[in-house]
Amino acid sequence: MTTLECSICNQGTLKKENKDEVFEYQGETITIPDYVVHRCNICSEAIVDNETLKTSGHILKAFKREVDERRV
Ligand SMILES: [Zn+2]
């Protein structure tokens, strides 16, 4: 594993963090498990993992479509 340096403050080190991230859309919520972010230990900025961004993007798109269809 490589240690990533924070590109926001250029001082901190990014630490991998797994969590459940809750998203809300039109009053409905969805929880995405294993949501990976890289958090800086200095400025606390969290950068979403590329793979997670891709996966959650698909999930959220499907979720929003589902919500929209239900509202029609
Ligand atoms: Zn930082």
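Author: The backbone nitrogen of Val36 lies 3.2 Å from the side chain of Thr52. This is a predicted model, in which local features need pLDDT of at least 70, side-chain atom pairs count only at pLDDT 80 or more, and totals for chains, interfaces and linings use all residues. Residues are numbered from 1 along each chain as its sequence is written, and side-chain values use heavy atoms, with hydrogens and water left out.

Reader: Why is Thr52 called buried?

Author: Buried means under 20% relative accessible area, exposed over 50%, and partly exposed in between (1.4 Å probe, protein chains only). Thr52 has 9%, so it is buried. Thr52 sits in helix H1.

Reader: What makes H1 a helix, and how many residues does it have?

Author: Helices (H or I, at least four residues) and strands (E, at least two) are DSSP runs, numbered from the N terminus.

Reader: Which residues of H1 are buried?

Author: They are Thr52, Ser56, Leu60, Phe63 and Val67. They cover an arc of only 70 degrees around the axis, which means they lie on the same side of H1; the arc is taken from the directions from the helix axis to the C-beta atoms. The face turned away from that side carries exposed residues, namely Asn50, Lys54, His58, Lys61 and Glu69. The buried residues pack against strands S2 (13-25), S3 (28-40) and S4 (46-48).

Reader: How do you know that Asp49 caps the N-terminal end of H1?

Author: A side-chain oxygen of Asp49 lies 3.1 Å from the backbone nitrogen of Glu51.

Reader: Which residues does Tyr35 touch?

Author: Contact means heavy atoms within 4.5 Å. Leaving out residues up to four places away in sequence, Tyr35 touches Glu17, Asn18, Lys19, Glu21, Phe23, Val48, Thr52 and Ser56. Tyr35 belongs to strand S3 and has a relative accessible area of 6%, so it is buried.

Reader: What makes up the largest nonpolar core?

Author: A nonpolar core is a set of buried Ala, Val, Leu, Ile, Met, Phe, Trp, Tyr and Cys residues joined through side-chain atoms within 4.5 Å. The largest has eight residues: Tyr25, Ile30, Ile32, Tyr35, Val37, Leu60, Phe63 and Val67. S3 and H1 each give two or more of them, and S3 has the largest share, four residues.

Reader: Why is Asp34 called exposed?

Author: Its relative accessibility is 55%, which is over 50%, so Asp34 counts as exposed. Asp34 is in strand S3 and has a positive phi of about 55 degrees although it is not a glycine.

Reader: Where is confidence lowest, and where highest?

Author: pLDDT is the predictor's confidence in each residue, from 0 to 100. Its mean is lowest in strand S1 (residues 4-5), at 88, and highest in S3, at 97.

How values were computed. Polar contact = N/O pair within 3.5 Å; in protein donor to acceptor, adjacent residues only side chain to side chain.
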